[in-house]
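Good morning, everyone. Please take a moment with the sequence and the model, and then I will talk about aromatic rings and the charges beside them.

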Amino acid sequence: MARKSSLLKRAAIAVVSVIAIYVILNASVSPSLPSSSDLIREEDEQPRAPIHPKVKVYMYDLPNRFTHGIIEQHAIVRNGLKNPIDDVTTLKYPGHQHMHEWYLFSDLNRPEADRPGSPITRVSDPADADLFYVPVFSSLSLIVNAGRPVDPGSGYSDEKMQEELMDWLESQEWWRRNKGRDHVIPAGDPNALYRILDRVKNAVLLVADFGRLRPDQGSFVKDVVIPYSHRVNLFAGEIGVEARSTLLFFMGNRYRKDGGKVRDLLFQVLEKEEDVTIKHGTQSRENRRAATKGMHTSKFCLNPAGDTPSACRLFDSIVSLCVPVIVSDSIELPFEDVIDYRKFSIFVEAGVALEPGFLVGMLRRIGTEKVLEYQREMKQVRRYFDYDNPNGAVKEIWRQVSQKLPLIKLMSNREKRLVLRNSTEPDCSCLCTNQTGLVTSV
């Protein structure tokens, strides 16, 4: 009996020793080994995207003559407003293709709670800001007198507005600090701010394209390409071709300058094709209704260059789910870091598009399934071109702007330590684009 008891004691001691050694080894070799419950919990969790701090933007409180005052001048010249009103901030911004400046201004005037998911946040102290937004209505100013300069004292002058804006900016401490590099200025109309471009070219310019900018004034490196505001109604129906009886549609100004001369040549090639609608028409409420109906009932929409490579009809086409046929060899497009336009657009070299029969022959060979595929892609991305969509154009523009911040900091710091020198070489902060001569076409 004594021997049996002794054996049990030795066995118990052995078991306890083994357990103790196991615990000691686990504590020393892998003290952070997770439990099975931890492993299950981690596997169930989805990977989380890194959280980036919002870019802090200070919006200048510009004098009214650069914002609401321009709306008032437009109303006086265009709508017959007889007398200035007491509170110009009550005036409604007029609808036109360059309404981005109004939407961005309005967005920054909203409470932060009404701007969920925005990559930027507005700050009230300029000392806290990463970037400075200059909310001048530069495109509206340009069209107050239909883009024509006026004699001094004879009425509103866009050129005078530009000079006064420049004087105001150059008086600001924050503009002088980095020579405007950390400032963001809307210049959507190709002719906006044309008189002072050389004095604001360090800033991040919001542009429709680079057609009127020299390589030392604008580039992808520092600027942001933005979409025109669409002027036709969004197509509310589902994808499909049954109600789209027209093969190819275009309605717009037939006669344009520079690269836009291709329009008149396309009219000559296409206007006798029986399943093509191609009409001359300028901006008006009636023509907008006709364009809406035409785009909503056509499979393809022609998008030739305007006076500069881009034109608003591209974005009208997209929100209409009408497949864009782009005939503009030098076009630049917004948000190409997240959008592949080839998935829903057809690019044709101008010289090829002008060959008799080529364009319509190519489009007639595109089957229904391919058209539906284009439409599905457009439906996925059209929010990017809708300024009224809370997850649309405004948020995307701010995202692109926020991505410029590292370069701005780099160039600002670099410039502070460089010795002043004269050089004929281009500034490395402003790179030329599209220098290869390569063109994508079908």
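Let me begin with a definition: a charge sits over a ring if NZ of Lys or CZ of Arg is within 6 Å of the ring centre and within 35 degrees of the ring normal. The charged end of Arg 383 sits over the ring of Tyr 384, 4.2 Å from its centre, and that of Lys 370 sits over the ring of Tyr 374, 5.0 Å from the centre.

This is a predicted model, in which local features need pLDDT of at least 70 and side-chain atom pairs count only at pLDDT 80 or more, while totals for chains, interfaces and linings use all residues. Residues are numbered from 1 along each chain as its sequence is written, and side-chain values use heavy atoms, with hydrogens and water left out.

Now to the ring pairs: rings of Phe, Tyr and Trp (its six-membered ring) pair if their centres lie within 6.5 Å, and planes under 30 degrees apart count as stacked, over 60 as edge-to-face and the rest as tilted. By this rule there are 20 aromatic pairs. In one of them, the rings of Tyr 93 and Phe 137 have centres 5.3 Å apart and planes at 85°, so the pair is edge-to-face.

Are these two residues buried or exposed? Buried means under 20% relative accessible area, exposed over 50%, and partly exposed in between (1.4 Å probe, protein chains only); Tyr 93, at 4%, is buried, and Phe 137, at 0%, is buried too.

The rings of Phe 315 and Phe 385 have centres 5.5 Å apart and planes at 40°, so this pair is tilted. Both Phe 315 and Phe 385 are buried.
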